[in-house]
Amino acid sequence: HFLAAKSVGIRVEAFSLGYPPTALRKQVGETEYRLSWIPFGGYVKMAGMIDEGLEGESSLTGAPWEFSSKNTGQKLWVITAGVLMNLLLAILIYTGITAARGVAEPEGTFIGAVSAGDPADEAGLQAGDRILVINGVTVTTWEEMVDEIYAQPEEELLISYEREREVHDLALTSLRRMAEVDGEIREVGLIGINPQLTYRPASLGEIVTSGFIGTAWVVKMVGTSIGMLLSGQASVRDLGGPMLIAKMSGESAKQGLTAFLGFIAFVSVNIGCLNLLPVPALDGGHALIILTEGALRRELPVKFKLAIQQVGMVLLFALIVFIIINDAERIFGFGWIKELFGR
């Protein structure tokens with residue numbers, strides 16, 4: 001936002017890491033740089049804009065360096081710059097990973113990892129095992145195996161697998177979960193396994209396109225998740241916040257630099273997509289106001305814009321508190337939180 005504002009001649013009054021109250025501040029030229037106490041995001045306060053700094057109504061003088069003096073296209077460029085950088089970061093990371101590691105491909109039906117506590121783990125399947133038969137159907141590729149498991153949610157699966165050149169049999173019951181399959185959300189069966197991957201050198205075309213494909217896939221998953229929340233197919237308790245992100249970040253770091261960078265790209269896309277939602281105080285909320293004013297060919301009342309930004313910030317912080325509590329309960333098992341606040 002800071003660089004985009006500068007690129008179209010908007011004066012930046014403040015650049016803050018975190019939200020008020022302000023802990024430290026330093027004036028450099030026309031911009032005051034701040035470090036604030038609430039460490040969830042931050043903001044850029046531009047001249048002539050009702051912003052989420054919640055410091056009152058800006059002085060709207062009509063000066064050419066004010067946000068309100070710019071045209072619709074320039075305003076949208078400034079507001080969406082943060083989201084664009086989130087997506088660009090992900091594209092660059094995914095491209096770099098493909099260039100360095102190559103293209104991942106499942107190695108037949110070999111299991112690469114088993115999720116703790118899921119049916120496969122409880123039944124005794126291990127990384128390195130190779131699935132041979134599911135309910136009498138021979139499977140030779142990971143896609144064939146996934147199709148068989150997906151088609152049988154909450155059903156008993158009779159599985160033959162190979163371990164150290166010996167064939168074994170077991171039975172387990174799959175889970176029933178909602179998942180995106182071929183662009184549709186539907187119930188599928190899951191047992192909690194991931195493929196064993198091999199990597200081949202990537203072509204130049206695969207390297208160039210991999211960043212866009214990987215980022216687009218995450219964007220699609222975010223859209224699917226939001227759709228599931230709105231339709232009631234998923235609960236707000238499934239949402240994760242900073243504590244869960246920190247935990248998952250540590251887990252991904254243990255798996256190596258590539259996994260850690262991939263996780264950063266995944267989080268970056270999620271932040272970008274959520275920030276683009278048409279909610280007051282988020283970039284998407286600002287963009288909606290800009291588009292509305294562009295369509296009406298006049299600005300909305302300043303008091304109205306300030307009011308909805310303030311309401312948006314209150315709701316946003318309430319959501320942050322809820323998610324932190326949810327994180328704590330999920331990670332540390334704070335049962336008393338559930339009793340105190342209710343389910």
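Student: Buried means under 20% relative accessible area, exposed over 50%, and partly exposed is in between. Where does E206 fall, buried, exposed or partly exposed?

Tutor: E206 counts as partly exposed, because its relative accessibility is 26%. This is a predicted model, so the value is computed from predicted coordinates.

Student: What does E206 form a salt bridge with?

Tutor: With R200; the closest N and O atoms of the two are 2.8 Å apart. R200 is partly exposed too, at a relative accessible area of 31%.

Student: How many salt bridges does the count come to?

Tutor: The count is 12 salt bridges. One of them joins the side chains of E187 and R176, with an N to O distance of 2.8 Å. E187 sits in strand β9, residues 184-190, and R176 in strand β8, residues 175-181, so this pair ties together parts 11 residues apart in sequence. E187 counts as partly exposed at 41% relative accessibility, and R176 as partly exposed at 33%.

Student: And E32, which side chain does E32 meet in a salt bridge?

Tutor: The partner is R25, at 3.1 Å from N to O. E32 is buried, with 13% relative accessible area, whereas R25 is exposed at 51%.

Student: Which residues are linked in a network of salt bridges?

Tutor: K6, R11 and E30 are linked that way.

Student: Changing topic. How many helices and strands does the protein have?

Tutor: There are 10 helices and 10 strands. The protein has 343 residues, and 37% of them are buried. Its accessible surface is about 18,900 Å², with 62% of that belonging to carbon and sulfur atoms. Take the contacts between residues at least 6 apart in sequence: 58% of these join residues at least 24 apart.

Student: What pLDDT does the protein average?

Tutor: The average is 83, and 81% of the residues score at least 70. Residues 52-56 stay under 50, and the model gives that stretch 14 contacts beyond four places in sequence. Residues 336-343 are also below 50, with 9 contacts beyond near neighbours in sequence.

Student: On to packing. Which residues have the most contacts inside the largest nonpolar core?

Tutor: L125, I131, M145, I159 and I191 do, in a core of 17 residues. At least two residues of this core come from each of β4 (130-134), α4, β6 (156-163) and β7 (166-173). The largest share, 4 residues, is from α4.

Student: Which are the buried residues of helix α4?

Tutor: In α4, residues 142-150, they are W142, M145, V146 and I149. They span an arc of only 100 degrees around the axis, which puts them on the same side of α4.

Student: Now backbone geometry. Which residues does a cis peptide bond join?

Tutor: P20 and P21, where omega is about 10 degrees. P21 is in strand β1, residues 12-28. Most peptide bonds are trans, and most residues other than glycine have a negative phi.

Student: What is the phi of N135?

Tutor: The phi of N135 is positive, about 50 degrees, although N135 is not a glycine. N135 lies in the loop between β4 and β5 (137-138) and is partly exposed, with a relative accessible area of 30%.

Student: And E164, where does E164 lie?

Tutor: E164 lies in the loop between β6 and β7. Its phi is also positive, near 50 degrees, and E164 is not a glycine. E164 counts as exposed, at 73% relative accessibility.

Methods: Residues numbered from 1 in each chain as written. Predicted model: local features only at pLDDT ≥ 70, side-chain atom pairs only at ≥ 80, totals over all residues. Heavy atoms only, no water. Buried < 20%, exposed > 50% of the residue type's maximum accessible area, 1.4 Å probe, protein only. Contact = heavy atoms within 4.5 Å. Areas by Shrake-Rupley, 256 points an atom, 1.4 Å probe, with all protein chains shown as cover. Salt bridge = Lys/Arg side-chain N within 4 Å of Asp/Glu carboxyl O. pLDDT = per-residue confidence, 0-100. Arc of directions from axis to C-beta. Core = buried A, V, L, I, M, F, W, Y, C linked by side-chain atoms within 4.5 Å.
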